[in-house]
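Work through the exercises below with the sequence and the structure at hand. Each task is followed by a solution in steps.

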Amino acid sequence: MSIVKDIGHTEKAFKTDEMIINMGPQHPSTHGVLRLILTLNGEIVKNCEPVIGYLHRGMEWLGQNRTYVQYQALVDRVDYLAGMSDSHAYIMAVEKIAGIQVPLRAEYIRVICTELNRIISHLLWLGIFMLDLGAMFGFPFYTFRDRETILSFLEEVSGQRMMFNYIRIGGVFKDLPKGWTKKVKKWLTTEFVNYIDEYEAIATKNPIFLVRTQGIGYLDPKLALNRGVTGPSLRASGINIDLRKYKPYSVYDKLNFNIPTSTVGDTNARYQCRIQELRETAKLVVEAIDKLPGGDTEDLEKNRAELTSGENPTYKAEDLMFIAKGKNVPMGFKCGPGEAYAAVESPRGQLGVHLIADGTSVPYRIKWRSPSYNNTSILPDLIKGHPVSDVVAIFSSLDVILPDVDR
Amino acid sequence: MNLLTKTIDGCYNIFRGLFTVFKHIARNPITSAYPDVVPELYPQTRHRLALTVNPDTGEHLCIACKQCERICPDTCITVIGDPEKKGTIKDFYLDHGLCMFCGLCTEVCPTNCIINTVDFEMSEYTREDLIYDIDRLTLTQEQSRFYFDFKEMPKPRPKPEKKPAPVQTQTEAPKPQPAASARGGEKKS
Ligand code: SF4
Ligand code: SF4
């Protein structure tokens, strides 16, 4: 009788020792080099301790040894999947101190490029997330196919595929190439929408996918707020904080877009939020292209006279420039003394730069507030009590990228 | 009943996903056949750096102003001007192993001399081979003409510069010959 009872409680019947296992740093699904010290009881994770720092490159220190202009080439590496957001945050901080008024057209171009970058980042996340869940057969190829198209769009604009160095102090590097806006708009409205449907057809309702994600890794909204989790991971827990709406920077207050949220808070909800954000972002890019002051680049010269002359000109002449006057020669830029904090909503959450300038051409102190660092801190709480196979799924659903954690 | 609907629903969705996947069987591959098909690159693309010559006259465009050397975040450029003749380049070293292709040097160059080419195939067997000297960096006249057109850079205007240039060299040219030792005093005069 007692034996039968004990078999019901296997833990008591077979006394097991806890086992400590190192996952990573060289593990394919740790999105870089993260080491997790897992304490296992059988299959169940009892404790988890993330060890970070393997990808530390000293981005802050590098900035303090380079001029503002030289450092702007390096900031894309902070979070290399969302380089535009990094540049945007850093440049916004510099502009705040120097008091530079950015032309309206430049702001729109920044928004277009940053949002395209958001799509890239989410697409990469989607492919890798599926891979981590075990969809080895081909799913990443679907997202990488579309990512490739956007990367070539951004390459045409900025010159490189990931290390853009495109957003500059006072504006952007160059105006959009001729015919680019039409091409992007056409691709986003006709093809990309169907591609998202394709992803959803494969994954969203697939029963295996649902079993792997539903009810796994519940993130408590209170805990998330306390730990400073931001981005889609927070919004999937029911807290609608997006800096683009909450504290609009750049020209986001002039654009209409929705912030997808969910109240469920599990892995599946985070997936849903990001998929919806893909759709919203695609719409946002199209809207920004429509509202671009001066219109497409090929028509800009034609429109310029019409838009800026007359009694009530739609725009001032300087609104239609892509970089503020006298800022496109990057030598000898100085700013300060002063202190500024600028934050943007990167694909992973709130990305901030705290900059202290002392009036020389070299920043006195730079501090990055990276979203992935805070999002990683939540990991032990999420995976405690889950089997080993869910560790990767939960970690992946947070969309943490390690260069952003370690900087 | 619940189990039944669940099963039917699950089967439907699995087959829907499989159908989506199988639709791709007949289409052309999306991966690029790289070594056979050279990828399309854009004028702004930043790859291997090079120095241009004047596409019309073939003279080197670098004026040894060292702007590129000063702005480079990775200090990978070394410009050695000709001590004999101001404004001409003697040697130019660029370490492509350090370069991160940020393109800042190309922006500050006053004569559009240093440019990013579209050549990205530059693997070497040793690190030393990645340090390019002026001979390896300088493009031919044909290549320079191609890049000036491709990047829509303003062509260097030789005529207004050149006309005073021979006058100066003519007046200066006789000077070094008799007084080569008194170079320091010459500069001031
Ligand atoms: S591209 Fe950037 S890193 Fe390379 S030589 Fe020019 S300034 Fe230096
Ligand atoms: S900036 Fe241009 S002209 Fe000046 S030294 Fe460099 S390559 Fe020569």
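The exercises concern a predicted model and go from one chain to an interface and then to a ligand shell.

**Exercise 1.** Determine how compact chain A is compared with a globular protein of its length.

*Solution.* Start with the secondary structure: chain A holds 18 helices and eight strands. Along the principal axes, the box filled by its C-alpha atoms is roughly 95 × 50 × 35 Å.

**Exercise 2.** Find what percentage of chain A is buried and what percentage of its contacts with a separation of 6 or more links residues 24 or more positions apart.

*Solution.* Counting a residue as buried when 20 or more other C-beta atoms lie within 10 Å of its own, 47% of the 407 residues in chain A qualify. Of the contacts with a separation of 6 or more, 70% join residues 24 or more positions apart.

**Exercise 3.** Describe the side of chain A that touches chain B.

*Solution.* First count the residues: 23 of chain A are in contact with 22 of chain B. Then assign elements: helix 4 (68-72), helix 7 (139-158) and helix 8 (180-202) of chain A each give two or more residues to this side. Helix 7 of chain A has the largest share, four residues. Finally, sort by class: nine are nonpolar, seven polar and seven charged.

**Exercise 4.** Which residues are closest to ligand 2, and which classes make up its shell?

*Solution.* Ligand 2 is surrounded by 14 residues, the closest being B:C62, B:C65, B:Q67, B:C68 and B:C109. The shell divides into eleven nonpolar, two polar and one charged residues.

Key: Residues numbered from 1 in each chain as written. Chains lettered and ligands numbered in written order. Predicted model: local features only at pLDDT ≥ 70, side-chain atom pairs only at ≥ 80, totals over all residues. Near = placed C-beta within 6 Å. Nonpolar A, V, L, I, M, F, W, Y, C, P; charged D, E, K, R; others polar. Contact = placed C-beta atoms within 7 Å. Rg over C-alpha atoms; globule rule 2.2 N^0.38 Å. Buried ≥ 20, exposed ≤ 12 C-beta atoms within 10 Å, placed from the backbone.
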